[in-house]
Amino acid sequence: MRAVTWQGRRDVRVETVPDPRIEEPTDVIVRVTSTGICGSDLHLYEPLGPFLDPGDILGHEPMGLVEEVGGAVTALKPGDRVVVPFNVSCGDCFMCDQGLQSQCETTQVTEYGTGAALFGYTKLYGQVPGGQAEYLRVPFGNTLPVKVEHGPPDDRYVYLSDVLPTAWQAVEYASVPPDGTVVVLGLGPIGDMAARIALHRGAGRVLGVDLVPDRLNRAAAHGVIPLDWRRYGKDLPEAVAEYTGGRGADAVIDAVGMEAHGSPVAKGAQRAVGLLPDAVAQPLMEHAGVDRLAALHMAMRLVRRGGTVSVSGVYGGALDPMPLLTMFDRQIQLRMGQANVLRWVPEILPLLDDEDVLGVDHFATHAMPLEEAPKAYAMFQEKADGMVKTLLKP
């Protein structure tokens, strides 16, 4: 089959690799019909390279048709249409029973002390072959895949794999009061969808911050008040104060993470580590990594006393300095974590109908053949051609 493989920093290639096969009786093989490129994939494109090997198959946002099922699979049959959550979770352990599929005890990567394995996402999370491919082996076939109806286009459902539950959890964790004000930092796919969900769930005002005009305009078209980082910069707290009577936002969602602008030293350090041999780079990233924290620190400045900061953007540093004195004094609540996809699917799925209240049918800005993945990655990295969300079509 053809698959998107990692070969080095800013080097992904579409190659012919062996087809996946049934390895356990609860496995299913899915023929992928659509698969997204996630902002988190850009972390693999550059700073997290030390935890990848050349040839690793990328991607964690797939959906498609069941091609083959293992002997113990009873919930699915060939021909069924499914979305595959990015968490590899068993559905039966203590953590899964708590709705914490991202912490699944069956697939936790104990070698690195990390949570549940993820499709297509480094040794830190199991080095499981990903879904930017023609076929995907999916374990736990009775409990992991989300069965959806035939008929509507893939765009209706594919975001159940990651974008929708990640954005939903970000809003849930933000605890925005009815008619409250929430600031969303970063209007990439997750931030954009989180802003829409916040408005749908009753936020009175959503302020969206970015520095890409296309993203600001796209959010504004869905009722978000756009704030251009290029205009406000470090004066952003004053701008937010004007909208909130000087108090600050009830909640802030950091949908940026380690991609944040603002620290050339940390940015240079990330890139330098990425050029080191893996045996040297891995310990540095695990035990001495420092992120660019401009977005998180700004979130602490924007939120009101007693407010909540919800982090959905991925951070990778082990020694990130936190402004604990400020957080304690201002009684700021902080929630974060990988999305627990299956926890939120029952709440989201009823919204994916013809009314399309979240705008999923036209959420993708680009649809490209799988063979054009290298071009798509480069465009996404450079935020070129108005790219916010791309679906690859095997």
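Leaving aside neighbours within four places in sequence, M193 is in contact (heavy atoms within 4.5 Å) with V163, L164, A167, L358, V360 and F363. The model is predicted, so local features need pLDDT of at least 70 and side-chain atom pairs count only at pLDDT 80 or more, while totals for chains, interfaces and linings use all residues. Residues are numbered from 1 along each chain as its sequence is written, and side-chain values use heavy atoms, with hydrogens and water left out.

On the α3 side the contact is made by V163, L164, T166, A167, W168 and V171, and on the α4 side by P189, I190, M193, A194, I197 and A198. By class, this contact has 11 nonpolar, one polar and no charged residues.

Helix α3 also approaches helix α12 (residues 341–348), with the axes within 9 Å and crossing at roughly 90°. That makes α3 roughly perpendicular to α12. Here L164, P165, W168, Q169, E172 and Y173 of α3 meet V341, W344, E347 and I348 of α12; by class, seven residues are nonpolar, one is polar and two are charged.

In the largest nonpolar core, of 86 residues, those touching the most other members are V4, L160, L164, M193 and I253. The largest share of this core, eight residues, comes from α3.

Technical notes: Helix = DSSP H or I, 4+ residues; strand = E, 2+ residues; numbered from the N terminus. Nonpolar A, V, L, I, M, F, W, Y, C, P; charged D, E, K, R; others polar. Core = buried A, V, L, I, M, F, W, Y, C linked by side-chain atoms within 4.5 Å. Buried < 20%, exposed > 50% of the residue type's maximum accessible area, 1.4 Å probe, protein only. Axes fitted to C-alpha atoms, helices over the stretch in contact; angles between N-to-C directions. Parallel < 35°, antiparallel > 145°, perpendicular 65-115°, else oblique.
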